[in-house]
Amino acid sequence: MSAANSTSQQQSLHFQLFVAGSEPNSRRARDNLARVCAGPLNGRCTVEIWDVFDDFERALAHGILVAPTLIVTGPGQPITLIGDLGDEVKLTEALGVNGQARGRSHG
Amino acid sequence: MENGKGKPTADTPPTARPLEKVPTRIEGVDYVLEGGLPKGRLTLLYGGPGAGKTIFGLEFLYRSALAGEPGIFVAFEERAAALRQNALTLGWDLAELEAQGRLFLLEARVNPEAVVAGEFNLQPLLAIIEGKARAMGATRIVIDAVDALLRLYEAPRQERRELLILSDWLNDNGFTSVVTAKLITDAETRYEFLDYLANTVIRLDQRVSEQASTRRLRITKYRGAGAGRDEYPFIIDRNGLVLIPITALKLDYQATPGVVASGHSELDAMLGGGYRKGSSVLVSGTSGTGKSILAATFTRAACDRGERVLYLNFEESVSMMLESLLSPGIDLRGHLQAGRLHILASSVEALGVEEHLVQAERALARFEPDHVVLDAASSAARLGSQQTAYGYLARLINRCRERGRTLMMTNQLAGTDTVQVISGVGISSLVDTVILLRLEESNGELNRTLLVLKSRGARHSNQAREFRITDRGIDILPPYIGEGGMVTGVARQQSEMREALEYQRLADHIRAKEAEIAHMSASLAAQRADLETAIDQASTELNAMRNELAAKQRGQEARREMRLPGTREGDTG
């Protein structure tokens, strides 16, 4: 929990967001993720969005049971977030932005 | 709704149609469910940890898949690898069925480290199930440990909403589904609404009583269809789950016409032709009266006629049984080898009652005997409680009766038992024929007598007849009192003598009983005197101990005063 603090803010994060069509939670998750990318992350991120209705096999392969689910890869181990990402405190805490550490460090 | 003249429209709810059922193919379960699970509906399966929910669900899909009906197992708690491993111990090769596309294990464990950041729903899970179901052509879904999924949700309201969506979705898609949930103390009220959503509710539980664990299955709800309402015992043996249905005992059953020869013509005559075919016969007697020999006589006669006999032996091993029957001249080895006789020997204590039942049921189903011998029914009392023994015997009697199989049971009487009691298990009302064997010593002579006490649906002799065990089997001696017939000459003299002897014997018995009571009274008086002496002695000992204690206390006080002079001022006494 010690090292990742400053480095994570320099490195880019990769997001895989699994949504369920255009149902409200999924719509909100897209919006909330876009806001974080543009805001605290300053564009240092790439985003893939997968619709489970179009590709259930991918959801299966990633063990996605609930939507929306966000898988974050970058420095350190991948993190999984579930929900519409409306809880901004939890989201930024987990991503380690705004001076917060990422939820998990390597080592 | 009014569309044409009474012609049902496409969207008319199919209320008038009887509910279609899908067989589970689990032994005994479909019998109790009167066909199986409701087709296209949800069945809720409750049970505590280890009650057998997962096995029930898995076996349903496994057996369906073997029969060509694919299914999907959604495991919220267990890993797929663990499920495959556990299934293998039951002889089920899940991996093979998976490879053939007839079974799909969906490991649905939500990453425990996932961070919950806002609202979510189960759409991906449903999308996966739907996609897989379509690809496989599966219509059977088991969702195991739905409670594990619900732990994700913090609010009960949200939990309920998701379950509602899930159950609606399963029903809308026409899946025949089984959803299992752990029954923990507060779960009953917590998931009460699930009962309402489910078409059928089954409860499994496991209890430990009298050091034996018993599993029970109960159907608490079956909307729109009949199902057994009892609690049914079940076991999980090496082939999976086996439910033991208790069929309603039909005492007014139609007796199968015809008689079965007992193996001895005199006995046949006493029975009014022989045993009733498909009836149950109880042979009672104290130890050594020849019950097993009578049963073996019947067995041999049946096998000689080419009929099949299943011999359930609680008393001795197959080799011991065969050997001990050789001395009274009954050789069953040939019949055993020829496959007309099947002996199932196991000690009562070796297995639980359910295993015994299943073993017998399996043998009945596989061997399809014409007759069954149980030696000894009285041993069933050692299966556990009286109720357990009763259940076992009632079940066996019923099973035989249903299929027109003659059942002969031996019953070992303890000295004081009345003749129709099976060591405390009162099944005599279920039994059609009772034969009593007695071994009596009188006037320095050992006499065996045989009496047909009861024979439902047949005119039988009321006489006690002397019988012998010879090296050529049993031999019943000619009667000495003709019933309604004339007995003349020497025979009459003999009969009168025997009658006098009979009176004499009875008088002897009365005197012996009087003596026994007098002895017991004397013994009671003696015991009372003994006890009074013992009480006196104990009282004396008690007084001595009290005195000793008082003396020790005085000594201690004296020593304390010597060590600590001055601390007890004023107490100079």
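1. Basis. Residues are numbered from 1 along each chain as its sequence is written, and chains are lettered from A in the order in which they are written. Because the model is predicted, local features need pLDDT of at least 70 and side-chain atom pairs count only at pLDDT 80 or more, while totals for chains, interfaces and linings use all residues.

2. Confidence. The predictor assigns the complex an ipTM of 0.84 and a pTM of 0.59. The mean pLDDT (the predictor's confidence in each residue, from 0 to 100) of chain B is 80, and 81% of the residues score at least 70. Residues 482-490 of chain B have a pLDDT below 50, with six contacts in the model beyond near neighbours in sequence; two residues are in contact if their C-beta atoms, placed from the backbone, lie within 7 Å. Residues 568-573 of chain B also stay under 50, with one contact beyond four places in sequence. Where pLDDT is low, the predicted coordinates should not be read in detail.

3. Content of chain B. There are 16 helices and 23 strands in chain B; these are DSSP runs numbered from the N terminus, helices being H or I of at least four residues and strands E of at least two. Of the 573 residues of chain B, 37% are buried, that is, 20 or more other C-beta atoms lie within 10 Å of the residue's own, with C-beta atoms placed from the backbone. Among contacts in chain B with a separation of 6 or more, 69% link residues 24 or more positions apart.

4. Not counting residues up to four places away in sequence, V74(B) touches residues including L106(B), I129(B) and D144(B).

5. Interface. In all, 28 residues of chain A are in contact with 19 residues of chain B. On the chain B side, α5(B) gives the most, with six residues. By class, that side has twelve nonpolar, five polar and two charged residues; Pro counts as nonpolar, Gly as polar, and Asp, Glu, Lys and Arg as charged.

Notes: A residue is buried if 20 or more other C-beta atoms lie within 10 Å of its own, exposed if 12 or fewer, and partly exposed in between; C-beta atoms are placed from the backbone.
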